[in-house]
Amino acid sequence: MADDVETAAAAEPAAQAEPVKMQILGQFTRDMSFENILAQKGLKAEGRPNISVQVALDAKKREADHQFEVATKVKVESKTEDGATTLFILELDYAGVFHIENVPEEQMHPFLMIECPRMLFPFVRRIVHDITRDGGFPPLNLDNIDFVQLYRQDMARRAEAQAQTKPN
């Protein structure tokens, strides 16, 4: 009877999952473009600009074990209040290299598309802020991005596209 208790106790710690390990190995601007169209055309902006922000995410496995590259692509377009004239366009492709362990395979995709961009976002926000300010505009402070909602929208879009390609 005592042997049964020892065996059960010894098996219990092995059944516990290892904690998730995530480390940012590096981060970098892969590509960036800022076009100050207002200055190019010699125009003056009046009124409050309309600003649109588009965000796209990308992730891929790297050759090294447990390493992934995750990119956050942001496009910011500012137009005059009436939408007739573009003031500036900012495109930023910002990536991070992550070492990730102990995430189950079925949870890796959402982890890469939610948690990793969340870690990179403060740096993306700062770059957008600095570039717009240095470009002669009031600094643009991006609102927080709900990466969970962005992931859900992307998965719904993919499911819809897949359903449309299936023959009835």
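## Asp93 and Arg30

Asp93 counts as buried in this predicted model, because its relative accessibility is 13% and the cut-off for buried is under 20%. Asp93 forms a salt bridge with Arg30, with the closest N and O atoms 3.4 Å apart.

Arg30 is partly exposed, at 35% relative accessible area. Its side chain also meets that of Glu69 in a salt bridge (3.0 Å, N to O). This pair, too, links distant parts of the chain: Arg30 sits in β1 (residues 21-36) and Glu69 in β3, 39 residues apart. Glu69 is buried, with a relative accessible area of 9%.

## Other salt bridges

The whole structure holds 10 salt bridges. One of them joins Arg157 and Asp154, whose closest N and O atoms are 2.3 Å apart. Both residues belong to helix α4 (residues 147-165); they are three residues apart, so about one helical turn separates them. Asp154 is buried at 17% relative accessible area. Elsewhere, shared partners join Arg30, Arg62, Glu69 and Asp93 into one salt-bridge network.

## The β2-β3 hairpin

Strands β2 (residues 50-61) and β3 (residues 67-79) pair antiparallel over 12 bridges. Ser52 has Glu77 in β3 as its bridge partner. Five residues lie between the two strands of this hairpin. In the turn, His66 has a positive phi of about 65°.

## Largest pocket

The lining has nine nonpolar residues, two polar and no charged ones.

Methods
Residues numbered from 1 in each chain as written. Predicted model: local features only at pLDDT ≥ 70, side-chain atom pairs only at ≥ 80, totals over all residues. Heavy atoms only, no water. Nonpolar A, V, L, I, M, F, W, Y, C, P; charged D, E, K, R; others polar. Pairing = 2+ DSSP bridges. Helix = DSSP H or I, 4+ residues; strand = E, 2+ residues; numbered from the N terminus. Salt bridge = Lys/Arg side-chain N within 4 Å of Asp/Glu carboxyl O. Buried < 20%, exposed > 50% of the residue type's maximum accessible area, 1.4 Å probe, protein only.
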